[in-house]
Amino acid sequence: MKRAWLTRGALYHHFEDKRALFRAVVEKEAGKVAATIETSAGDLSAREALLAGAAAYFEAMAVPGRVRLLLLDGPAVLGVTEMAAIDAAHGGRTLEEGLAAALAPRRLGDKAIKAMAFLLSAAFDRAALEIDAGAARADYAYAIDRLIDRLIAD
């Protein structure tokens with residue numbers, strides 16, 4: 001805490017306990033990932049925005065330690081349900097919106113869109129874990145792009 005120029009009392013004035021501090025760190029990093037994805041869309045078609053968002057996700061998750069924090073330690077410490085809520089408030093929301101836009105002509109219900117976003121998000125996360133472990137990012141980026149194309153194809 002000396003490095004942060006904080007006393008223990010000052011730290012716990014802002015955070016109830018270590019878990020609350022950890023949750024704040026996880027939320028901040030999840031927000032950074034979501035911001036990277038959101039800025040990638042620009043003025044693109046729904047399909048192009050999904051593909052750009054996929055590339056942005058892999059770029060954002062390449063920050064050292066982020067995969068471990070968000071995909072391993074976060075669920076282990078906070079639990080899967082709490083991590084799902086954090087994801088839904090950040091990147092999950094963006095993915096749902098992108099899928100809803102891309103699949104709008106099909107008029108799928110909200111539940112179907114949420115389920116598809118959840119499953120696609122799991123594929124993204126699994127790919128990020130593999131890339132972090134040394135797999136070729138280009139291979140997983142290509143696979144995710146094909147998965148998105150097949151999912152939204154007419």
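The protein is built from eight helices and zero strands, where helices (H or I, at least four residues) and strands (E, at least two) are DSSP runs numbered from the N terminus. Read along the sequence, the pattern is therefore α-α-α-α-α-α-α-α. The structure is a predicted model, in which local features need pLDDT of at least 70 and side-chain atom pairs count only at pLDDT 80 or more, while totals for chains, interfaces and linings use all residues. Residues are numbered from 1 along each chain as its sequence is written, and side-chain values use heavy atoms, with hydrogens and water left out.

Of the 154 residues, 31% count as buried; buried means under 20% relative accessible area, exposed over 50%, and partly exposed in between (1.4 Å probe, protein chains only). Contacts (heavy atoms within 4.5 Å) can also be sorted by sequence distance. Among those between residues at least 6 apart in sequence, 68% join residues at least 24 apart.

A welcome place to look next is the largest pocket, with a volume of about 960 Å³. On a 1 Å grid over the protein atoms alone, a pocket is an open set of points where a 1.4 Å probe fits, with protein on both sides within 12 Å along at least five of seven lines; lining residues have an atom within 4 Å of a point. The volume is the space filled by probe spheres set on the points, which are joined across faces, edges and corners. The lining holds 39 residues, and Asp87, Gly91, Gly92, Ser121 and Asp125 lie nearest the centre of the pocket. Helices H2 (18–41), H3 (46–61), H4 (66–78), H5 (80–89), H6 (91–102) and H7 (110–132) each supply at least two lining residues. The largest share, nine residues, comes from H7.

Two single residues make friendly examples. Thr94 sits in helix H6 and counts as buried because its relative accessible area is 15%. Leaving aside neighbours within four places in sequence, Thr94 is in contact with Ile37 and Glu38. The side chains of Thr94 and Glu38 are also joined by a polar contact of 3.1 Å, that is, a pair of N or O atoms within 3.5 Å, one able to donate a hydrogen and the other to accept it.

Ala143 belongs to helix H8 (residues 137–152) and is partly exposed, because its relative accessible area is 40%.
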